[in-house]
Amino acid sequence: MKYSEQINYAFEAKKPFVAYKNPNENKVHVIIQKNDELIEFDDFNSSGYVFAPFNSDEKAYLIQPDLYFTDEVKSFEFDSEFIENKEQEVEKSTHINIVKNAIKTIQDTEVSKIVVSRKEEVSVSDFNLLEVYNKLMSKYPNAYVYVWYHPKVGLWMGATPETLLKVKDGHFSTMALAGTQAFKGNLNPVWGAKELEEQQMVADFIKQHLENVVESLELSEVETVKAGSLLHLKTNITGKIHQQKDIASLVKLLHPTPAVCGLPKELSKMFILENENYNRSFYSGYLGNINMNNETSFFVNLRCFQFINNTIVLYVGGGITAESIAEKEWEETVAKSQIIKAVL
Ligand SMILES: C=C(O[C@H]1C=CC=C(C(=O)O)[C@@H]1O)C(=O)O
């Protein structure tokens with residue numbers, strides 16, 4: 001079956017579906033649900049495709065795999081149109097104020113990191129779902145690239161560099177991803193103290209929280225990874241779990257990770273909910289298949305956007321620590337927004 005035809009068919013017929021491509025894989029996986037029932041996800045023993053929001057108090061959904069197939073991805077050539085960043089003085093000063101507020105909170109309280117994010121709207125006159133999805137796949141081959149649709153929720157797309165949790169045959173893997181700088185041709189650049197510390201906090205958090213609940217755990221050396229035009233720092237964390245049913249507790253421990261929320265988790269989450277001035281919805285939530293082919297693989301919903309009424313709403317954020325400079329944090333979100341705008 002051809003993924004392009006099936007995606008177009010499901011979208012036009014208003015059937016819930018998801019298509020995704022794993023990092024560095026040359027095939028698209030497609031899951032289509034027969035009816036348009038909106039199924040809430042709250043049982044980690046279920047099987048299908050999970051789409052969960054940042055705030056676990058809001059609803060997560062499951063797409064049932066009534067039809068599941070994979071299809072080869074062809075290679076595509078696209079001209080990259082560059083969408084100019086228009087002046088965003090109001091958005092910029094709002095974001096900078098929230099970042100300054102986060103820095104002050106970090107200086108004055110026990111909070112050590114807060115991820116501050118924002119959304120940005122871009123009007124698109126002729127949005128072609130398949131064309132944009134193909135562009136995302138061809139431009140970001142080492143990302144997890146998905147398009148998710150439910151007629152009662154909406155359309156989301158993204159190309160994320162971050163794994164939340166993978167579990168297969170009693171083995172798990174996750175990652176501590178944080179720190180950002182522009183890629184300028186060098187895959188081994190020098191990293192600043194702020195970025196190294198920010199990433200170390202994420203790795204420490206994951207290690208501390210998982211080591212008491214898993215059978216074994218190993219951390220790799222920190223490495224630099226490329227995500228589109230950006231570089232991040234990453235530690236791979238792998239090991240064994242005691243039992244398959246541990247997946248629920250691992251996800252609850254990890255989500256939202258300090259790469260998208262902060263430290264400590266509850267206080268930084270409270271800051272975000274009180275200060276960001278918008279609802280993150282599914283941005284910085286997680287998504288992926290659960291218990292399909294004996295495998296669960298969840299990714300963090302980053303570098304993503306929603307399509308509503310001829311408008312793209314894209315979501316970007318960055319980790320704030322005591323060392324942050326507000327202006328630079330704004331620029332980091334502008335660079336992250338370009339990853340999406342490059343395919344529109
Ligand atoms: C929160 C985002 O990125 C996270 C992942 C990698 C690097 C990040 C950073 O450098 O701040 C963020 O923690 C986002 O892209 O919206």
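Modeller: Pro256 lies in the loop between α5 (246-254) and β15 (262-263). Before we go on, this is a predicted model, in which local features need pLDDT of at least 70 and side-chain atom pairs count only at pLDDT 80 or more, while totals for chains, interfaces and linings use all residues. Residues are numbered from 1 along each chain as its sequence is written.

Biologist: How do you know what counts as a helix or a strand?

Modeller: Both are DSSP runs numbered from the N terminus, a helix being H or I over at least four residues and a strand being E over at least two. Strand β8, for example, covers residues 144-150 and holds Val147.

Biologist: Why is Val147 called buried?

Modeller: A residue is buried if 20 or more other C-beta atoms, placed from the backbone, lie within 10 Å of its own, exposed if 12 or fewer do, and partly exposed in between. Val147 has 24 C-beta neighbours inside 10 Å, and therefore it counts as buried.

Biologist: Which residues does Val147 touch, leaving out those up to four places away in sequence?

Modeller: Two residues are in contact if their C-beta atoms, placed from the backbone, lie within 7 Å. On that basis Val147 touches Ile7, Val18, Ala19, Leu129, Tyr133 and Met157. Tyr133 is also one of the buried residues of helix α3 (residues 129-139), together with Asn134, Lys135, Leu136 and Met137, and what covers these buried residues includes β1 (17-21), β8 and β9 (154-160).

Biologist: Where is Asn293 found, and what is its phi?

Modeller: Asn293 is found in the loop between β16 (286-292) and β17 (295-300), and its phi is near 50°, a positive value in a residue other than glycine. Asn294 lies in the loop between β16 and β17, with phi near 60°, again a positive value in a residue other than glycine.

Biologist: Returning to Pro256, what is the peptide bond from His255 to Pro256, cis or trans?

Modeller: The bond from His255 to Pro256 is cis, with omega near -10°. A cis peptide bond also joins Leu263 and Pro264, where omega is about -10°, and Pro264 is found in the loop between β15 and α6 (265-275).
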